[in-house]
Amino acid sequence: MTRRVAMRRGLAPRRIVYALLGIGVLGVAGFMISQALNTALVYFILPNEYAQAPSQYENRRIRLGGLVAPESVAFNDQDLQLTFLVTDGIQSYRVEHVGAPPELFRENAGVVIEGSFDADVFVSDNLLIKHSEVYEAPKDGHIDIEELRRSLQ
Amino acid sequence: MMDASERLRRPAWLRAWGVALVPLFLAAAYLGLVWSPQDVNQGNLIRIMYAHVSVAWIGFVAVGLTALFGALFLWRGKRRDDVLAVASGEMALLFSALTIIGGMTYSRPTLNTFWTWDAKLTLTALMVALLVGYFIVRALIDDPVRRGRVSAVVAIIVAASLPFNYLAAEWFRTLHPSRAIALDGSGVTMAPEMLFTLLFNTVVAGLVYAWFMVDRARLGRIEAQLEAERAERELGSVPSGGVVRV
């Protein structure tokens, strides 16, 4: 009997540590689930979705996804001003971003930009690349735009 | 009874398998780092993909097998299944963690971020957190039967997230690219040399997983045996009415 009590006492601190660890893990898991529900299900919106209800996104930080419209890219390497048009084929918006373009940034590349609208200009502070699931060796430098477009659906 | 060193000795076939993994690993690295062509968009960065994707797939398989052995333990109650579940679970945690590390390495130069909370990445982070929980739960419970049962339920919950994770980029809008290889046969959007390199890397990753899993299960069986012997000894010395559950 006394032995059992002693064993319990010896175990108590260890159990508390594990219980605290368990609560910590549950807390992290809960945080992740809430993050997922808030942002992941609609990770980004398309330009035409924004166009349908701009007031819904007023003064809100959003992610906008689309393709970099051809012949719309301008980059000033003095003040790192990058501007381009993001398009989903239906609607296009002008994007202003400060910072060097990422390595995979190019015309017709998929992008997800974080920031907010200032009138009809999207001011971005984070420029992410959403590349397609097509992997191929270079042949003639041709990029399949339809594939890229499908990857954004 | 075998003595301790005899018991701990790795069988010859397992040693041979371990040695064979070294050239296989080097061959996989050669295919990925040298032999594979560059990608039209990503250039040499495509080479990180072979490590990231192969490890991720085997991580999924490891989680699935952990849940499968857990379910077998729930069903038959054989200690052996619990031992296999833990052995697979440890590798599942390792491979999932490596998936995230490799993914971050790959993602920073290609997608321009280490991390973002899209559906696929969030589900993977959740998987790692739950696998950590799996081992916390195991450490909390002393009774081997209850330990096996409760942790099996955790493993099954983790495995339930696998289809969502696997198809996350198809079902939700994610930053993570979609699958290039559709298992339903609807097509592969990857150059043949790249596909071969990826599949070779996956097979080798699978053999590495299986080797560690089998070896860990071997140690787990010895562990279980020692635990049972200790319980038996204590049962012998404790007078009747002592509380020892096996």
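Among the contacts in chain A between residues at least 6 apart in sequence, 49% join residues at least 24 apart, where two residues are in contact if their C-beta atoms, placed from the backbone, lie within 7 Å. This is a predicted model, in which local features need pLDDT of at least 70 and side-chain atom pairs count only at pLDDT 80 or more, while totals for chains, interfaces and linings use all residues. Residues are numbered from 1 along each chain as its sequence is written, and chains are lettered from A and ligands numbered from 1 in the order in which they are written.

The model scores ipTM 0.77 and pTM 0.82. For chain B the mean pLDDT (the predictor's confidence in each residue, from 0 to 100) is 89, and 93% of the residues of chain B reach 70 or more.

Chain A has three helices and six strands, taken as DSSP runs numbered from the N terminus, with at least four residues (H or I) for a helix and at least two (E) for a strand. Their order along the sequence is α-α-β-β-β-β-β-β-α. Of the 153 residues in chain A, 24% are buried, that is, have 20 or more other C-beta atoms within 10 Å of their own, whereas exposed residues have 12 or fewer and partly exposed ones lie in between.

Where the chains meet, 35 residues of chain A are in contact with 38 residues of chain B. Helix H1 (2–40) and strand E6 (121–129) of chain A are the elements that give two or more residues to the side of chain A that touches chain B, and H1(A) gives the most, with 13 residues.

The largest nonpolar core has 83 residues, and those with the most contacts inside it include Val86(A) and Ala62(B); such a core is a set of buried Ala, Val, Leu, Ile, Met, Phe, Trp, Tyr and Cys residues joined through C-beta atoms within 7 Å. Helix H3 (residues 46–76) of chain B supplies the largest share of this core, 18 residues.

| Residue | Contacts |
|---|---|
| Val86(A) | among them Pro47(A), Leu64(A), Val111(A) and Phe122(A) |
| Ile156(B) | Ala67(B), Gly70(B) and Ala71(B) |

Ile156(B) is placed in helix H6 (residues 144–160) of chain B, and Ile156(B) counts as partly exposed because it has 15 C-beta neighbours inside 10 Å. From C-alpha to C-alpha, Ile156(B) and Ala182(B) are 25 Å apart in space and 26 residues apart in sequence.

Conventions. Lists of a residue's contacts leave out its neighbours within four places in sequence.
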